[in-house]
Each structure stands twice: as structure tokens, then as C-alpha cells.
Amino acid sequence: MIREAETKDLPDLVELCRMFFEESGLQSTESFCPESMRGFHARMLATPSAITVVAESDGEVQGLLSAIIAPEFHNAAFLKGHEIYWYVVPEHRGSSIAVRLMRHVDEWMKSHGAREFCVSHMEKFNAESASSLYRRMGFNPTTHVYAKVL
């Protein structure tokens, strides 16, 4: 079942984000702070222009997607959606969970006035598979993001 996250889900959201962090390789430059992650998700739940959805089965949260809508900087009337977190636990990858999470948020974006929805993926994860999934869902590549440690 895909549903909007609630305050009762905060422990599960933090745990899934911790799992993502450990898989991501970010620990080479950052550290994971559960309190910060809990605060982030609490703010997302309280923000009308943000959504977090979870995939749940038998009381177990198996995936999440968090996104936000913001006005474009060059034209405040143009609302753009941005995926912030998208994670499915390893044992449920390859199922329909990722697609169902994205479809739910995609519909929410449309119903809240977003005219574009941007997603990204980390190179550490299966970039070719993610790119293929994005294209099947109607996304097209638009930018590349590069990072360096300062």
C-alpha cells in the first residue's frame, strides 16, 4: 500500500534514510545524524508544499519518496517539483514499489500545480537502471550535477 507518511512513521523514515546513507558512500565525507533526519522529515510532514509517501506491507515500511514543490527562480508562477529522497529497501527492489511511489507523488505534484517534476539519482546506485526507469516514466535528462569535497 502506498500512503502519505504520518508522524508515527518518523522512526521508519529515519531508519530508511540511514540505510540509504550507508549504501550511498556519503559517509566518506559526511556523518549521519538521526536527530537531523527526524527534524527534516518532521518539517516535510508539516509543509503544505511537500509530500512524503511510504510503501507499507504488513506494518513494514519498505520504501519512501519525499518531494517538494517550489517556484522557479526566474518565474515564480512556474511551480517545479523536486524529488528529495527516494529509497526502497534492497529486498524489495525490482518490485513495483519504486514505480508506485513515483506515480503517487507525480499525481500529487499535478494536483498541487507543479508543471515540471525533477528527479535525480546517485552514481553509486545503478545509474543505468535508474535512467531506464526514469525514461519509462516520462522523464528526460536535463542537467548533470557534479560535486567536490571542500
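**View 1. Methionine 109 sits in helix α3****.** Helices (H or I, at least four residues) and strands (E, at least two) are DSSP runs, numbered from the N terminus. The model is predicted: local features need pLDDT of at least 70, side-chain atom pairs count only at pLDDT 80 or more, and totals for chains, interfaces and linings use all residues. Residues are numbered from 1 along each chain as its sequence is written, and side-chain values use heavy atoms, with hydrogens and water left out. Methionine 109 is buried, with a relative accessible area of 2%. Buried means under 20% relative accessible area, exposed over 50%, and partly exposed in between (1.4 Å probe, protein chains only). Leaving aside neighbours within four places in sequence, methionine 109 is in contact with Ala67, Ile68, Ile69, Gly81, His82, Ala114 and Phe117. Contact means heavy atoms within 4.5 Å. Histidine 82 is 27 residues from methionine 109 in sequence, and their C-alpha atoms are 9.4 Å apart.

**View 2. Alanine 114 lies in the loop between α3 and β5 (116–118)****.** This alanine 114 is buried, with a relative accessible area of 14%. Not counting residues up to four places away in sequence, alanine 114 touches Ile69, Leu79, Gly81 and Met109. Alanine 70 is 44 residues away along the chain, yet the C-alpha atoms of alanine 114 and alanine 70 are separated by 8.3 Å.

**View 3. Alanine 70 belongs to strand β3****.** Alanine 70 is partly exposed, at a relative accessible area of 27%. Beyond its neighbours within four places in sequence, alanine 70 is in contact with Phe78, Leu79 and Lys80. Serine 96 is 26 residues from alanine 70 along the chain, with 28 Å between their C-alpha atoms.

**View 4. Alanine 76 has its place in strand β4****.** Here the residue is exposed: alanine 76 has a relative accessible area of 57%. From alanine 76 to threonine 47 there are 29 residues in sequence and 18 Å in space, C-alpha to C-alpha.

**View 5. Aspartate 58 lies in the loop between β2 and β3****.** Aspartate 58 is exposed, with a relative accessible area of 84%. Its phi is near 50 degrees, a positive value in a residue other than glycine. Most residues other than glycine have a negative phi.

**View 6. The largest nonpolar core has 23 residues****.** A nonpolar core is a set of buried Ala, Val, Leu, Ile, Met, Phe, Trp, Tyr and Cys residues joined through side-chain atoms within 4.5 Å. The residues with the most contacts inside this core are Leu65, Trp86, Leu101, Val105 and Met109. Two or more residues come from each of β2 (50–57), β3 (60–72), β4 (75–88), α3 (97–111) and α4 (127–136). Helix α3 gives the most, with 8 residues. Apart from this core lies another, of 17 residues, among them Leu16, Met37, Met44 and Val54. In soluble globular proteins, nonpolar side chains tend to be buried together.

**View 7. Leucine 65 is one of the residues with the most contacts inside the largest core****.** Setting aside residues up to four places away in sequence, leucine 65 touches Ile51, Thr52, Val53, Glu83, Tyr85, Trp86, Leu101, Met102 and Val105.

**View 8. The whole protein holds 4 helices and 5 strands****.** Along the sequence, the pattern is β-α-α-β-β-β-α-β-α. The C-alpha atoms fill a box of roughly 40 × 35 × 30 Å, taken along the principal axes. The radius of gyration is 15 Å, which agrees with the value near 15 Å for a compact globule of 150 residues. This radius is taken over C-alpha atoms, and the globule rule is 2.2 Å times the number of residues to the power 0.38. Buried residues make up 38% of the 150 residues. Among contacts between residues at least 6 apart in sequence, 61% join residues at least 24 apart.
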